[in-house]
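Have the structure open as you read.

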Amino acid sequence: MSDVILRIALPSPLRRLFDYKATPRMLQQPLTPGMRVRVPFGRREMIGVLVQVVDHTDVPADKLKPASALLDDTSPLPPAFFRLCLWTAQYYQHSLGDTFSWALPNLLRQGEAAEARQERFWHAAPGASLEDPRIARAPRQREALQTLAQHPHGVAHSLLSKLKLNKDSLDLLLAKALVQVEVRSHGPARRHEHWLAQPELALNEEQQAAFDAVRSGFGAFHPFLLAGVTGSGKTEVYLQLIRETLEAGKQALVLIPEINLGPQTLARFEQRFNARIALLHSAVNDRDRLDAWLAARDGEADIIIGTRSALFTPMKHPGLIIIDEEHDGSYKQQEGLRYHARDLAVVRAHQEQVPIVLGSATPSLESLHNAHTGRYGLLRMQHRAGGAKQPRLLRLDVRSLPLDGGISGPLQQAIRQTLEAGQQVLVFLNRRGFAPTLLCHDCGWLSGCPRCDARMTVHQRSAMLRCHHCGYEERLPHQCPQCDHVDLRPVGAGTERAEDRLKVLFPDFPVLRVDRDSTARKDAMQALFGTVQRGQPCILVGTQMLAKGHHFPRVTLVAVLNADGGLFSGDFRASEHMAQLILQVAGRAGRAEEPGKVIIQTHLAEHPLLVQLTEQGYFAFADQAMSERRAAGLPPFSHLALLRAEAHKPEQAEGFLDQACAGAEAWLAEFPQPGIELLGPVPAPMERRAGRFRAQLLVQASSRAALHRLLSGWLVQIEQLPSGRQVRWSLDVDPVDLH
Ligand code: ADP
Ligand code: ZN
Ligand code: ZN
């Protein structure tokens, strides 16, 4: 009898499948792709996903091991999910097994049963009456029955104490058949008929046009870029499209950036709908995540809302995908499987034949390019829905002005005027800590990180020097570690320093700092916003945490302390990110009656990109940035892949990349491809980081297909390079940053 061979994807970096023999017992049931299998691997066991069943293997008979156990009777992975993972692994040149690991809920890859958690639910029995004579003299039982009667979907056993329900009373009621117990999974049991829990707003003309366009694309793959200024009412358009989706009996998937996960955003969805909403983000625990995943897969969740990895949530009846703030950097995963959730979402929408809406006030140049070339429908909304005016953007040339805690004289004046008019000010500075560097005024010593080619930031509140790249920290020194003198000075300004100066300059007004350090404590952010919502004049100072998702209607002045980093950085995307950030911060201001003003301090007041942005707006900026990209042959006019390597010695990383580069050249000599260039290897812009030396090799291609042909031939070779054992290497397809 010939063997039945299971080809299994294992969570290993190796880009191949692993063959195992099926045991006779496993053959008693149909074996289908997607079933999880436990197998011996080296000295331990691993859980993998069955990909293929074949009758032949190249593994010699004495090496072929039997699989240990099948974990599923049927595949827990729907075919659409399977297909998306296959596509992802191929496109990002990543091991299929590891792709499954990233895409699946933790508990599934650890072998947990693919079943929703069951719980006991207590219900009032149909016809049970509070007037029942058997409980006339049992006030606690009456009370319990009354509480249950108020919960038509039943009360989960785990919530009894929260509702002050006494188990003994319930048992007595159960004995009298006045209550019933049902065992089922969590979440409301049935779909609602009336989806709206709250009336909808009447869409304005721009919103209606956008809505109609997407609505007419229902039932098939239609990608749209919804480019609407902040406050133009994009969320209202999403909500109404979701309602249409629910009415059609379908499910909607909404991706939001990690930083937008404020209660404000979620509350808008929860308040609007009588619907079962599955949440999938980093704060959701493993068990709840699995339940949400299963509910979505089985059509028991109507709306799925989550961050990046929620893209992989299967849906039984997919109807619509929405990517909010599509330009946001958090959609790109920067470790392991380096996927871009926005790009994969478009692929998924195509595979599942549903419309997809990419929404943003500041679309990525990639998405704009796709709109310009006709791949995406472009929907624009240029007016704020509430009638508020767009803020004015002003450049403030600080070339010859002294900066006090990062703040120039004219800016101080503008802040004073705003506060005295009873309004609020937002000061934006994308740098945490007190100052980016500590300098010895005697000998010139600088606070370099011992593990990185970078400076450690001065954190005055905690009296520490901290490296923002590797996390290394040490006590803030009192005297110079090099010359022992005590004249140490912080150079430049971070949010702590700006806060200190603002407190001195404006002692009569509250100054509230918002950054990762100030909001580490839970609820601090909420308390802070409470203060701001009350509307008294105050100053908010902070990092990009301020820029997203929150509305500050009483803010009429936004000050951007330093925008220049984005204009002379070596990273070709820096200016795009800077423009997006400025507009996102600007979008917080003046949402109601008062028009807002944005003052941008800069040493590069005549820089064409900054001039375009402030005088003509984001689309003009994007045109200008786009022509620069075209001239330089950079994305979206070319396609990139970045091979990174890091090692304990610099020559190891570069040596590996030299060999990889030679391999690519040899492959290209054999299979010539048009328009491919290999750039490097070169040391990374920050060569040493966390004690390792880093180098990179960039592949630039004019054709996506040619790039992928090279990658699939090349990666097989790279995996076999002996020098690869001494380095950590990774391939990043469509890298977002080149560091
Ligand atoms: P965006 O998502 O584009 O930033 P929002 O959907 O948050 O915009 O809308 C901004 C504000 O305008 C919100 O307070 C919202 O309630 C209000 N709004 C949106 N659409 C309308 C409308 N059609 N009529 C009146 N107000 C609206
Ligand atoms: Zn010194
Ligand atoms: Zn460091």
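Which protein atoms are the donors of the zinc ion (ligand 2)? They are the SG atoms of Cys 440, Cys 443, Cys 480 and Cys 483, lying 2.2 to 2.4 Å from the ion. A donor here is an N, O or S atom within 2.8 Å of the metal (3.2 Å for Na, K and Ca), and since water is not among the atoms, sites may look incomplete.

A quick word on ground rules. This is a predicted model, where local features need pLDDT of at least 70 and side-chain atom pairs count only at pLDDT 80 or more, while totals for chains, interfaces and linings use all residues. Residues are numbered from 1 along each chain as its sequence is written, chains are lettered from A and ligands numbered from 1 in the order in which they are written, and side-chain values use heavy atoms, leaving out hydrogens and water.

**The zinc sites**

Back to ligand 2: its donors are spaced C-x2-C-x36-C-x2-C along the chain. Cys 443 sits in the loop between β18 (437–440) and β19 (457–459), and Cys 480 in the loop between β21 (473–475) and β22 (488–491), so this pair ties together parts that are 37 residues apart in sequence. Helices (H or I, at least four residues) and strands (E, at least two) are DSSP runs, numbered from the N terminus. Cys 443 is partly exposed at 32% relative accessible area, whereas Cys 480 is buried at 0%. For those words, buried means under 20%, exposed over 50%, and partly exposed in between (1.4 Å probe, protein chains only).

The zinc ion (ligand 3) has its own set of cysteines: Cys 449, Cys 452, Cys 467 and Cys 470 coordinate it through SG. Cys 449 is buried at 4% relative accessibility, and Cys 452 is buried at 2%.

Here are the two sites together.

**Around ligand 1**

Ligand 1 is surrounded by 17 residues, the closest being Ala 202, Gln 207, Lys 234, Thr 235 and Arg 268; a residue counts if one of its heavy atoms lies within 4 Å. Helix α7 (residues 234–247) gives the largest share of that shell, 3 residues. On the backbone side, an N or O atom of Gly 231 lies 2.9 Å from an oxygen atom of ligand 1. A polar backbone atom of Ser 232 is 3.3 Å from a ligand 1 oxygen, and for a backbone N or O atom of Glu 236 the distance is 3.4 Å. The protein covers 74% of the 560 Å² of accessible area that ligand 1 has on its own.

**Two buried side chains**

Arg 513 is in strand β23 (residues 511–514) and is buried, at 12% relative accessible area. Its side chain makes polar contacts with the side chains of Glu 499 (2.7 Å) and Asp 515 (2.9 Å). Such a contact is a pair of N or O atoms within 3.5 Å; within protein, one must be able to donate a hydrogen and the other to accept it, and residues adjacent in sequence count only if both atoms are side-chain atoms.

Met 626 lies in helix α17 (residues 618–632) and is buried too, at 6%.

Note on methods:
Areas by Shrake-Rupley, 256 points an atom, 1.4 Å probe, with all protein chains shown as cover.
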